[in-house]
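Me: I have a model open here and would like to talk through how it is put together. Could you go through it with me, piece by piece?

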Amino acid sequence: MIRVLLADDEAMVRAGVRAILETDEAIEVVAEAADGREAVEAAQRHRPDVALLDVRMPRMDGLAAAAEIARTAPETARVILTTFSEDAYIARALGDGASGFLLKSGDPRELLAGVHAVADGAAFLSPRVAQRVIAELGAGAGDRMSRAAEARAKIATLTDRERDVMALVGAGFSNAEIGRRLHLVEGTVKAYLSSAFGRLGVRNRVQAAVLAHEAGLVSEDR
């Protein structure tokens with residue numbers, strides 16, 4: 001079972017997300033919270049596999065709660081629930097080690113896929129969120145083109161196999177799934193990731209996923 005903590009200050013939103021999660025027999029909502037402080041306390045008490053955190057909550061926002069959960073319950077993967085109006089928050093969270101970003105208005109199947117992915121150790125970026133992150137990081141067209149060119153130049157330093165691995169990281173696959181797709185043992189996947197992350201200058205899988213999207217490594221069929 002994937003044990004989930006759900007935090008949102010709107011009871012109706014929590015009810016809707018819970019209803020979606022409960023359609024999957026492999027997912028159990030073990031706690032709910034109406035603000036960031038409650039979310040941190042619930043994470044410390046229940047030690048869930050995944051914490052789904054709304055950005056805007058009273059007492060402590062979702063990003064601050066995610067950072068505190070990372071410090072006090074590091075085994076819990078943190079996923080930020082966001083809307084299109086919160087792009088700046090997404091960009092801010094990139095460096096804080098969040099495991100994924102999901103749109104509240106997204107496809108319910110994407111929510112379930114994201115929970116499974118981060119519980120399995122992967123990063124998960126909703127494709128539409130990835131596009132918004134990239135747009136936010138480069139506010140103007142020239143900036144976006146510059147970032148894309150920089151990302152492609154960084155990717156060019158990788159071996160063919162490292163590029164294959166990075167593309168699958170960008171698509172939200174875990175190490176085990178990458179190994180199965182590329183016919184590699186998981187330890188070899190980890191070695192490729194360690195080498196690639198060092199050369200790309202990224203600190204975590206979400207940053208790596210954004211870079212893969214910027215470089216155009218993630219195809220639609222993934």
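Me: Which strands does helix H1 lie across, and at about how many degrees does it run to E2?

Reply: Bearing in mind that this is a predicted model, helix H1, residues 11–21, lies across E1, E2 and E3, and its direction is at about 165 degrees to that of E2.

Me: What is the order of the strands in the open sheet?

Reply: The sheet has six strands in the order E2-E1-E3-E4-E5-E6, and the pairing is parallel. Its edges are E2 and strand E6 (124–125), each of which pairs on one side only.

Me: How many bridges join E5 to E6?

Reply: Two bridges join these parallel strands, and phenylalanine 101 stands opposite leucine 125 in E6.

Me: Switching to the packing, which residues touch the most other members of the largest nonpolar core?

Reply: That core has 29 residues, and the ones touching the most other members are Leu5, Leu53, Ile69, Ile80, Phe101 and Leu125. Among the elements that each supply at least two residues of this core are strand E1 (2–7), helix H3 (62–72), strand E5 (100–103) and helix H11 (205–214).

Me: What does UniProt list for Asp54?

Reply: The unreviewed UniProt entry lists Asp54 under "modified residue: 4-aspartylphosphate". In the model, aspartate 54 is found in strand E3, and, not counting residues up to four places away in sequence, it touches Ala7, Asp8, Asp9, Gly62, Leu81 and Lys104.

Me: Does aspartate 54 count as buried or exposed?

Reply: Aspartate 54 counts as buried because its relative accessibility is 3%, where the cut-off for buried is under 20%.

Me: Where is glutamate 162, and is it buried or exposed?

Reply: Glutamate 162 is in helix H8, residues 160–170, and it counts as buried at 3% relative accessibility. Apart from residues up to four places away in sequence, glutamate 162 touches Tyr192, Ser195, Ala196 and Arg199.

Terms used
Residues are numbered from 1 along each chain as its sequence is written. This is a predicted model: local features need pLDDT of at least 70, side-chain atom pairs count only at pLDDT 80 or more; totals for chains, interfaces and linings use all residues. Side-chain values use heavy atoms; hydrogens and water are left out. A nonpolar core is a set of buried Ala, Val, Leu, Ile, Met, Phe, Trp, Tyr and Cys residues joined through side-chain atoms within 4.5 Å. Buried means under 20% relative accessible area, exposed over 50%, partly exposed in between (1.4 Å probe, protein chains only). Helices (H or I, at least four residues) and strands (E, at least two) are DSSP runs, numbered from the N terminus. Contact means heavy atoms within 4.5 Å. Two strands pair if DSSP finds at least two bridges between them. Axes are lines fitted to C-alpha atoms, for helices over the stretch in contact, and angles run from 0 to 180 degrees between N-to-C directions. UniProt positions are given in the numbering used here, feature names are shortened, and annotations may be inferred rather than shown by experiment.
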